[in-house]
Amino acid sequence: MSISRKTDAEALFQRFPHLRAIDEEWGTRGCRMRLMKLMNDTRGGSRAGFPAEHARTIMLLLLEHDRLYPQYEEDAALPMWGEDHLRRYGR
């Protein structure tokens, strides 16, 4: 499969090989959902987060995916940073 993206994710994939699934799903609703899940804590506070350079790559991938495939942008039903915390704790 030929991936039509400009963001270089090779260092991310070398450090986190399971994230190569992003390339397999690129251009799909599933890819956007995967990227959104990576950018949000979906583990109840137990997610340590990515090193800064890898978090930046994930964000760049998400932005590029949204630019190329805007039809999936509206599908994101995940809470943005902090919204889940606010909903859980009522603040």
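Four salt bridges turn up in a search of the whole structure. The model is a predicted one. Side chains of opposite charge can pair when their charged atoms come close.

**Arg 5 and Asp 23**
- A salt bridge joins the side chains of Arg 5 and Asp 23, with an N to O distance of 2.6 Å.
- This pair links distant parts of the chain, 18 residues apart.
- Arg 5 lies in the segment before helix 1 (10-15). Asp 23 belongs to helix 2 (residues 21-25).
- Arg 5 has a relative accessible area of 19%, so Arg 5 counts as buried, the cut-off being under 20%.
- Asp 23 is buried as well, because its relative accessible area is 19%.

**Arg 20 and Glu 10**
- The side chains of Arg 20 and Glu 10 form a salt bridge at 2.8 Å, N to O.
- Distant parts of the chain are linked here too, with the two residues 10 apart.
- Arg 20 sits in the loop between helix 1 and helix 2. Glu 10 is part of helix 1.
- Arg 20 is partly exposed, because its relative accessibility is 34%.
- For Glu 10 the relative accessible area is 34%, so Glu 10 is partly exposed.

**Glu 25 and Arg 34**
- Glu 25 and Arg 34 make a salt bridge, and their closest N and O atoms are 2.8 Å apart.
- Is Glu 25 buried or partly exposed? Glu 25 counts as partly exposed, at 23% relative accessibility.
- The class follows from the cut-offs: buried means under 20%, exposed means over 50%, and partly exposed is in between.
- Arg 34 is also partly exposed, with a relative accessible area of 28%.

**Asp 66 and its contacts**
- Which side chain joins that of Asp 66 in a polar contact of 2.4 Å? The partner is Arg 32.
- Leaving aside residues up to four places away in sequence, Asp 66 touches Arg 32 and Glu 73.

Key:
Residues are numbered from 1 along each chain as its sequence is written. This is a predicted model: local features need pLDDT of at least 70, side-chain atom pairs count only at pLDDT 80 or more; totals for chains, interfaces and linings use all residues. Side-chain values use heavy atoms; hydrogens and water are left out. Helices (H or I, at least four residues) and strands (E, at least two) are DSSP runs, numbered from the N terminus. Buried means under 20% relative accessible area, exposed over 50%, partly exposed in between (1.4 Å probe, protein chains only). A polar contact is a pair of N or O atoms within 3.5 Å; within protein, one must be able to donate a hydrogen and the other to accept it, and residues adjacent in sequence count only if both atoms are side-chain atoms. Contact means heavy atoms within 4.5 Å.
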